Amino acid sequence: MLEQTRRLQGDVLVIGTGAAGCRAAIEASEYGASVILVCKGVFGKSGTTNLAGVVYDAAVGHADPADSPATQFEDTVVYGRFLGNQDLVRVFTFEAIKTVYDLDRYGMEWWKTEDGRFRQLTSPGLRRPRGLYNDEETGKKLQQALVREVLRPTRRNIEIVEDLFISDLVTVDGRVTGAVGIDIKSGDLVVLEARHVILATGGLGMMFGITDMEAGSTGEGISMAFRAGADLIDMEMHQFFPTAFVYPESLRGIAVHSSALWVLGLKLYNAQGERFMEQYFPEEKENVPRDILSRRIFLEIAEGRGTEHGGVWLDTRDIPNFDAIRKERPRTYLWKERFLKTERFEVAPTYHYTLGGIRIDVWGRTTVPGLYAAGECASGVHGANRIAGNALPDCMAFGMVAGRHAALHPGPRLPVRNDSVDRVRSRVLALLEGDGPPAQEVTRHLRGIMYRDVGIVRSGESLQRARAAIRALRHEAQRMHTPAAPSPTFGLLRAVETEAMAELAEVIVESAVLRTESRGAHYRTDYPEADNARWLRNVVARRTPDGVALDTIPVAFPYLRPEETTLDVRSARL
Ligand SMILES: Cc1cc2nc3c(=O)[nH]c(=O)nc-3n(C[C@H](O)[C@H](O)[C@H](O)COP(=O)(O)OP(=O)(O)OC[C@H]3O[C@@H](n4cnc5c(N)ncnc54)[C@H](O)[C@@H]3O)c2cc1C
């Protein structure tokens, strides 16, 4: 195990094959670069993109000609509570339109009207119907279209490497020159050399006890960038979806999704049978923004009025206008009709989207030369909250610009030296020698701390508790044991993931401690209000020999100042 068996070379190494990674690879290849495209699972199946439900927001204006990139820009900035990077949002809103037509060309099966125009749905947070879709399978269809395009027979300059777990980036004199990975099947080390590396590794939902993200969403991309010296930004920001099954166990974390159903009138009850949202929002009841609903559900459970399996009841038996979704989303209708109309479920908020991440500029460049990031592992577009349907076009837009920039600016191709590979080998081998608790147990513990004390509702007290627990856990992680079953590689990879997650947990906690206000997804009971005078700032985290160093930078408002908008964030519904 951990013998070096392969050395691969290309102009651009793309790590991740979801929406962002595939789009980056296609663009770089079209601009003439040779591309190595890697994922830690099966190509086309790994990652969260396949799970994406319905909407893809782009202001093509087919459902409402009054929509425009400028309207999408304002919606996105206001919903993100003015924390987003407005230059990035501008790129996103314009390029999103181009990505729709690219996808059309790749054979994406958008739902269209009889005269060939895109059908577009409205969602909470949007002033115009903007979400293109394919029933509830938009993510799956999009991933399929991208896979087909990557594999197009005339495209010969993309080499796909599946089942390769990248554990480390390699730098020479501060420039990223490649990466080292572990072959998931054989346990051997693989060395990859490239002029540029694009991280498209998705989010870190698996760090939290309940999540609807794919099981591989363990955040190594963010962790690798941090270890290579890149800035992380707004790592305190994490979005939760209010209602996911907590029981039965097999469905735990899976969101009860369709926003349409919320608008139609689902109801929530605590264990005592009270429709608790009525007490806090007599007018709106359950129809409040996602972050507010998530908080109320979390508090209802934390204050002891939860159900047997730690949720609240979601009652679907009395939806007054259920047939209204039949025309727009027949598949939703069929599925929902089968059991939603007759049942109630135990639900709790689920971790849904990583808002913070690797700091990038308008070309997807990180703060480390040679290293780019795109998609959910990168941060800056959504600020403190994300509108439903804005994630996939963000992946596509920044995958595209990063791929193009990397291809057009060929850097030096420096060989990955053997001593760099040896360092990775020693670090990973050390993880095999522990006699402490198994890696999976350490991870379970970490996920509990993060969900309970660093999740939807935080306070100085809960964060201090988490800080102490994570320090102890990092200590524990140094001697964790990697079980040989079901295979030695399996245990080893869980240990590498756990080590990375434990380090990121510290960054998240410290960033949340620093932000002494509440804004969007970051809610602190000891600072319940937004503080625009002090906190229209991004939190930047860097790695130092002593741990994490934090700084804050003021948000720039080149296009829209907070006092200039007439939009009210509270009006942005689910
Ligand atoms: C249930 C659900 C529904 C959603 N619905 C919508 C929606 O309707 N509209 C919308 O816009 N957004 C939606 N989202 C969000 C959206 O799906 C994601 O933000 C997006 O798919 C992320 O894509 P990505 O390319 O950044 O990463 P992913 O698709 O997660 O891909 C990550 C890739 O990185 C690879 N990888 C990770 N780590 C490593 C490593 N160490 N070594 C090698 N490879 C690695 C993985 O194998 C994978 O290929 C939804 C999310 C969820 C969870």
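Biologist: Is Pro349 buried or exposed?

Modeller: This is a predicted model, in which local features need pLDDT of at least 70, side-chain atom pairs count only at pLDDT 80 or more, and totals for chains, interfaces and linings use all residues. Residues are numbered from 1 along each chain as its sequence is written. A residue is buried if 20 or more other C-beta atoms, placed from the backbone, lie within 10 Å of its own, exposed if 12 or fewer, and partly exposed in between. Pro349 has 30 other C-beta atoms within 10 Å, so Pro349 is buried.

Biologist: In which strand does Pro349 lie?

Modeller: Strands (E, at least two residues) and helices (H or I, at least four) are DSSP runs, numbered from the N terminus. The run that holds Pro349 covers residues 344-354 and is strand 14.

Biologist: What span should the 19 residues of helix 14 have?

Modeller: The expected span is 1.5 Å times one less than the number of residues. Helix 14 covers residues 460-478, and its end C-alpha atoms are 27 Å apart. This agrees with the span that helix 14 should have, 27 Å.

Biologist: Within what arc do the buried residues of helix 14 fall?

Modeller: Ser462, Leu463, Ala466, Ala469, Ile470, Leu473 and Ala477 are buried in helix 14. Seen down the axis, they line one face, because the directions from the axis to their C-beta atoms fall within an arc of 130°.

Biologist: Which residues are exposed on the other side of helix 14?

Modeller: The buried residues of helix 14 are covered by elements including helix 13 (439-453) and helix 15 (488-514). On the other side, the exposed residues are Glu461, Ala468, Ala472, His475 and Gln478.

Note on methods. Contact = placed C-beta atoms within 7 Å.
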